[in-house]
Each structure stands twice: as C-alpha cells, then as structure tokens.
Amino acid sequence: MSARTRRLTTAQALVRFLSAQYTERDGVRRRLIAGTWGIFGHGNVAGVGQALVEYADVMPFHQGRNEQSMVHAAVGYARQLNRLSAQAVTTSIGPGATNLVTGAALATINRLPVLLLPGDYFATHSADPLLQQLEHPVEADVSVNDTLRPVSRYFDRITRPEALIPSALQAMRVLADPAETGAVTLALPQDVQAEAYDWPEEFFAERVWSVRRPAPDPVELTAAVEAIRSAERPLIVAGGGVHHSEAEAALKAFVEATGIPVASTQAGKGSLRHDHPADLGGIGHTGTAVSDDLARTADLVIGVGTRYTDFTTASGTLFQHPDVRFLNLNVTGFDAHKLAARTLVCDARTGLEQLLEALSGHRVNEDYVAEYRAGKARWDEVVEAAYRAADDSAVPTQTQVLGALDAAVGDDDVVINAAGSLPGDLHKLWRSRSPRQYHLEYGYSCMGYEIPAGIGVQQAAPGTPVWALVGDGTYLMMPTEIVTAVQEGLPLNIVLIQNHGYASIGGLSEETGGERFGTAYRFRAADGTFTGAPLPVDLAANAASLGMDVLRAKTARELREALAAARASDRPTCVYVETDPAPTAPPAEAWWDVPVAETASREAAVEARERYDRQVADRRRHL
C-alpha cells in the first residue's frame with residue numbers, strides 16, 4: 001500500500017468514511033452519522049457486518065428487530081437533534097431491504113435525514129438468480145431496492161468500489177442540506193461490499209458539512225414587510241421548520257414585538273409555550289376553536305416552515321377571508337410557493353430576525369390582540385374540562401388519560417405519537433411546555449412509529465423521560481422494539497391505551513357512511529359481521545413478556561399513580577389502561593376531505609354524501 005492509499009473492502013471504506021463526517025451550525029459540531037442500526041442476513045452480514053466489527057471503536061452499532069422500526073428509531077433520533085445528526089440502517093437483501101420502504105417514505109415526507117444501506121444482488125451476476133432475487137424479464141439491473149427510489153432524496157447502487165467515492169459525498173451533502181434532506185439510499189451489492197480497493201487517504205479525512213442558514217432575498221424581504229404592514233388580521237402558521245431551524249426564540253421575539261398570534265401544525269406545536277399569550281394551539285381539522293376562527297378571518301397567513309398539508313388547510317376550506325393572501329417563509333422554494341404565496345425563501349430563524357428588524361416597531365391593533373386572547377382563554381377552559389376526571393374511581397376517558405399525563409410530565413419530557421385518534425386529541429388539547437416535548441409524526445402518520453422513535457429520542461437525549469403513546473391498534477402493528485429498549489437499557493415509557501379497535505378510523509367510517517365496518521376487534525359471527533365481546537387479548541401481558549415492567553391502571557387515580565411510578569423508574573415501563581370509549585374530546589373545528597360514495601343504497605352512505613356535498617362546496621383554490 002502506498003503512502004496515499006489504504007487497501008480496504010468497500011464496506012470497510014464506507015464505515016471509516018462515515019465515522020469522519022460532521023455537521024456544523026452556529027459553531028456547534030456533531031457527528032453526521034452517529035451510529036448504525038442493523039439486522040444481518042445474506043447481503044450484509046459478510047460485508048457491512050464485518051466492517052462494523054472491524055471498526056466498532058468508531059461506529060456504534062444498535063441491534064434492531066424489524067427493519068422498518070430501525071428507520072423509525074433513526075428518524076426519532078434525527079428529529080430530536082434538529083436534523084444535525086443522523087443514523088444509518090443496514091439490512092440484508094430481499095425482504096430486509098423492502099421492509100425499509102415505509103420508514104424511508106416517512107423520513108422523506110417529514111424532511112428528516114436517515115442513511116439506508118440495504119444489501120443488493122451480485123453486481124457481477126456470478127450467482128444468478130440469487131436467493132430472494134427479483135428476476136425482471138427485460139431489465140436485468142432492477143432489484144427490489146428500486147422500490148426505494150421514489151421515497152429517497154438520493155439513491156445510488158454501488159456496482160464498483162470506486163463508485164462509492166462520489167456517491168458517498170453526494171449522500172452526505174443531501175443528508176446535511178436543510179432544503180433537500182430525507183432518506184438517502186446507497187444500495188450495496190454483496191460482492192462489491194467484500195471487494196478490496198486501494199482507497200485514497202483523502203477519502204477518510206475528517207470532513208465538516210456546514211448546515212446553512214440562508215438569508216432572505218432583499219426584494220422578497222421588502223415585499224414581505226409591506227404585506228405584514230398592510231394586514232389587519234395577520235396569523236402565523238408555525239410548522240416543523242421552526243423547530244428544525246431552532247427558531248423558537250426568534251419567533252417569540254417576533255410575536256412579542258408585533259402582536260401577531262401563532263397557530264401551529266402538528267410538526268410545529270411547541271414553537272411557543274402553551275401559556276404564551278399569543279399561542280393559539282393547533283390549526284386545521286384537528287385545531288382549536290380560536291385558531292380556526294382566526295384562520296377563517298385572517299387577511300394574511302404567514303407560514304413559517306410549514307408544508308400546508310390538507311389537515312392544516314382543512315382540505316382548502318379554512319382560509320375564507322375574500323382577500324386572504326399568503327406569505328411563506330421556508331427554506332425550500334417548493335414549499336414557499338404553495339397557495340400562490342409571496343415567498344421568503346430562507347432559514348426560519350434568519351428570516352424571522354430580519355423581518356423583525358425591518359418591521360421596526362410595527363404592531364397589530366390592540367383590539368385584535370384582545371380578541372384572540374379572549375378566544376385563547378375560552379379554549380383553555382375547554383381543555384380543563386376535557387382533562388378533568390369527575391370521579392377518581394371511574395374508568396378514565398382518553399382525554400382524561402392525557403390530563404393525567406399532563407400532570408405527570410416535566411417541562412423537558414418528550415411525548416411521542418403518530419396515528420389513531422390520539423393525534424387529534426393531542427393537537428387540540430396538549431399543553432406544550434418546551435420545543436421538543438411534542439413529538440407527533442403526522443406527515444406520514446405511520447402506525448408503529450412511536451415505540452422505536454422513543455428509543456431514538458432517548459439515544460439522542462439520554463436522561464430525558466420519553467413517553468410513547470399508543471393505542472391497541474398501533475401496538476399490535478410493531479411492539480417488537482420493546483426488546484431493543486430492554487437490551488439497550490433505555491427507560492422508555494409506554495402508555496398503552498386499550499379501546500378494542502381502530503377508534504379513529506371507526507369514527508371516520510361512521511361519518512363517511514362505512515358504518516364502522518371492520519374497525520373493531522370483535523368476534524366474527526356466522527354471517528360475517530363482527531359482534532359480541534372484545535377479543536380475549538392481554539396486551540399488558542405481551543409487553544411484560546417482551547421485558548417491560550407493566551403497571552395496570554383501572555381508574556383515574558390508579559392511572560396518576562402509575563404514571564408517576566413510571567416516570568421515576570429506570571426500567572422500560574408500560575402503563576396499561578383500558579379507557580371509557582365515550583367521546584370526550586372537542587369535536588373537529590374544521591372539515592377534512594374524505595370522499596364519500598357518490599351513489600349507494602344504504603341510508604348511512606346516502607346521508608354521508610349529502611353532508612359531503614355541503615362541505616366540499618366551501619373548498620377554495622388560492623390563486
């Protein structure tokens with residue numbers, strides 16, 4: 001080996017390269033790839049697996065139980081650290097690789113970085129067809145890993161060792177770019193993983209990727225200032241970009257100077273503390289009454305780091321002022337241009353700081369301030385009523401579970417959820433006390449996300465109490481990473497809510513004429529319908545069998561005691577509670593478009609279509 005090269009296998013070179021990559025923002029440096037998750041099989045055991053053993057001193061390894069879950073854990077880790085550090089995930093070929101697709105879609109949709117390293121078939125085709133190989137009749141270079149192309153922000157198949165050099169650099173660039181980040185896939189044919197090559201020493205040099213804070217264009221900034229000055233009823237919609245940019249303090253300063261109120265998306269909740277006078281809570285279909293009332297009359301909507309999903313816009317029915325206009329501050333032009341908005345393409349923190357300086361003393365009318373503060377006070381009473389348990393000896397409702405958790409957590413605890421009826425209740429009711437406390441994955445709303453994401457959050461923030469809130473439907477999707485929490489010694493807390501079925505979809509089914517068909521966990525009768533008592537399934541016993549300490553709570557009082565005990569424990573702990581199914585959450589304050597059968601013979605569907613036709617008439621295209 002010459003002085004300027006090092007002879008390693010491709011897999012060894014990749015691991016060494018990854019261990020020397022860093023991000024830097026605001027003078028703070030972090031490992032870009034802080035560790036690797038893996039499940040080994042043919043396709044990665046002798047390549048990446050051997051390399052991780054070879055360099056265990058520089059690349060931490062975490063053993064997972066399900067490939068999708070490993071991606072979720074890595075995503076939870078990256079989100080907790082504001083996208084400044086990420087993790088890699090390695091899998092075998094075949095089903096190990098295709099199990100990555102759901103997690104990759106979640107990462108890319110939520111703009112969160114994760115590096116995927118699936119094994120692939122022999123580049124040389126020396127063993128052909130290989131075990132688990134997809135044989136395409138006309139495209140011999142296609143493998144199952146091609147399913148990852150549409151859900152990856154960058155994809156390459158490394159068919160020669162030297163091809164790794166430019167692809168690895170491109171992969172790091174995308175992962176560290178706030179405007180482009182998401183899932184990045186480097187598919188690794190198993191023969192190439194094990195092939196040796198003389199690598200240039202420069203490839204392994206420490207490399208720092210600067211995470212930019214782009215400033216707004218002066219022309220766009222001037223137009224934005226004019227728009228804000230001329231608005232009488234402006235409203236800020238805070239999205240996840242506020243958190244990713246660590247712009248919470250800048251938003252607070254902007255709001256306190258201008259008096260403009262803030263409503264938040266699922267990803268943006270916690271941008272202001274819940275008790276800040278200008279924080280109106282969630283917006284859209286699962287929003288608060290005060291947020292949605294103001295949204296309907298706002299003449300300027302200022303989006304900060306939001307994608308404007310259909311839940312936020314109430315499927316295009318929320319913003320109803322006849323002259324409403326939009327001003328979008330976003331690091332990506334793709335999102336900034338939505339709703340025919342004036343654009344401010346820049347980093348959220350930088351943009352808010354420059355906007356505030358340029359506005360120089362501008363403030364909204366105090367009557368407007370008094371109006372939204374009064375609405376906030378009314379909504380706070382709604383939250384208190386939903387949280388309150390009138391009888392401590394009674395079975396709690398789901399909203400009372402949230403009230404008990406609200407009383408148990410500290411300011412820096414992290415509450416994680418993703419799917420079911422809980423996201424709606426949390427968006428309306430949860431009182432966020434810190435920027436990282438509210439961790440809702442609602443870009444993809446993926447059942448099974450919560451438990452592995454909780455593991456990732458605890459890896460990113462050791463010592464932080466983490467609560468994964470799951471219903472029985474979500475729990476049954478993917479409980480296996482409980483074993484990982486036990487193995488890693490992470491005191492993850494799970495709040496397991498048993499309501500015997502898919503409660504959220506059951507309600508939606510009823511509303512749209514589906515009559516709750518197929519949404520309950522019940523015995524099947526001879527006629528094919530579901531009837532009778534709930535299934536005799538003991539999910540608490542299942543959690544215990546996987547290594548968790550389990551606390552069963554039957555009443556509101558027992559629930560509070562169990563939550564306090566879980567928070568004080570240094571072991572993975574599950575609080576199991578069967579809830580009263582009576583709906584106690586406030587109803588939706590805005591619509592959500594789920595198309596209903598245009599023609600049907602059943603009365604429920606006919607009535608649902610009549611409601612649908614009335615509501616869809618309010619949809620508006622903002623041009």
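## Strand pairing, buried sites and ring contacts

Strand 2 (residues 21-25) and strand 3 (residues 28-31) run antiparallel and are joined by four bridges. The model described here is predicted. Within this pairing, Glu24 stands opposite Arg29 of strand 3. The hairpin formed by strand 2 and strand 3 has two residues between the strands, and Asp26 takes a positive phi near 55° there.

Strand 16 (residues 325-330) pairs with strand 17 in the parallel sense over four bridges. Leu327 has Arg342 in strand 17 as its bridge partner.

**Cys346**

Cys346 is found in the loop between strand 17 (342-345) and helix 14 (348-359). Cys346 counts as buried because its relative accessibility is 0%, under the 20% cut-off. Leaving aside residues up to four places away in sequence, Cys346 touches Pro214, Ala215, Pro216, Leu329, Asn330, Val331 and Gly351. Cys346 and Asn66 are 280 residues apart along the chain, and their C-alpha atoms are separated by 38 Å.

His439 belongs to strand 19 (residues 438-440). With a relative accessible area of 1%, His439 is therefore buried. A polar contact of 2.8 Å links the side chain of His439 to the side chain of Tyr449. Not counting residues up to four places away in sequence, His439 touches Gly76, Arg79, Val414, Val415, Ile416, Asn417, Tyr449 and Val457.

Helix 18 (residues 450-460) is mostly covered, with 11 of its 11 residues buried.

**Aromatic rings and charges over rings**

A pair of aromatic rings is described by the distance of the centres and the angle of the planes. The count comes to 11 aromatic pairs. Trp199 and Phe203 form a stacked pair, with 5.7 Å centre to centre and 20° between the planes. That pair counts as stacked because planes under 30 degrees apart meet the cut-off. Trp199 and Phe203 are both buried. Phe17, Tyr197, Trp199, Phe203 and Phe204 form one aromatic cluster.

Which ring does the charged end of Lys269 sit over? The charged end of Lys269 sits over the ring of Tyr438, 5.5 Å from its centre. Tyr438 falls in strand 19 (residues 438-440), the strand in which His439 is found. Elsewhere, Arg552 lies over the face of Tyr576, at 5.7 Å from the ring centre.

Definitions and conventions: Residues are numbered from 1 along each chain as its sequence is written. This is a predicted model: local features need pLDDT of at least 70, side-chain atom pairs count only at pLDDT 80 or more; totals for chains, interfaces and linings use all residues. Side-chain values use heavy atoms; hydrogens and water are left out. Rings of Phe, Tyr and Trp (its six-membered ring) pair if their centres lie within 6.5 Å; planes under 30 degrees apart count as stacked, over 60 as edge-to-face and the rest as tilted. Buried means under 20% relative accessible area, exposed over 50%, partly exposed in between (1.4 Å probe, protein chains only). A charge sits over a ring if NZ of Lys or CZ of Arg is within 6 Å of the ring centre and within 35 degrees of the ring normal. A polar contact is a pair of N or O atoms within 3.5 Å; within protein, one must be able to donate a hydrogen and the other to accept it, and residues adjacent in sequence count only if both atoms are side-chain atoms. Contact means heavy atoms within 4.5 Å. Two strands pair if DSSP finds at least two bridges between them.
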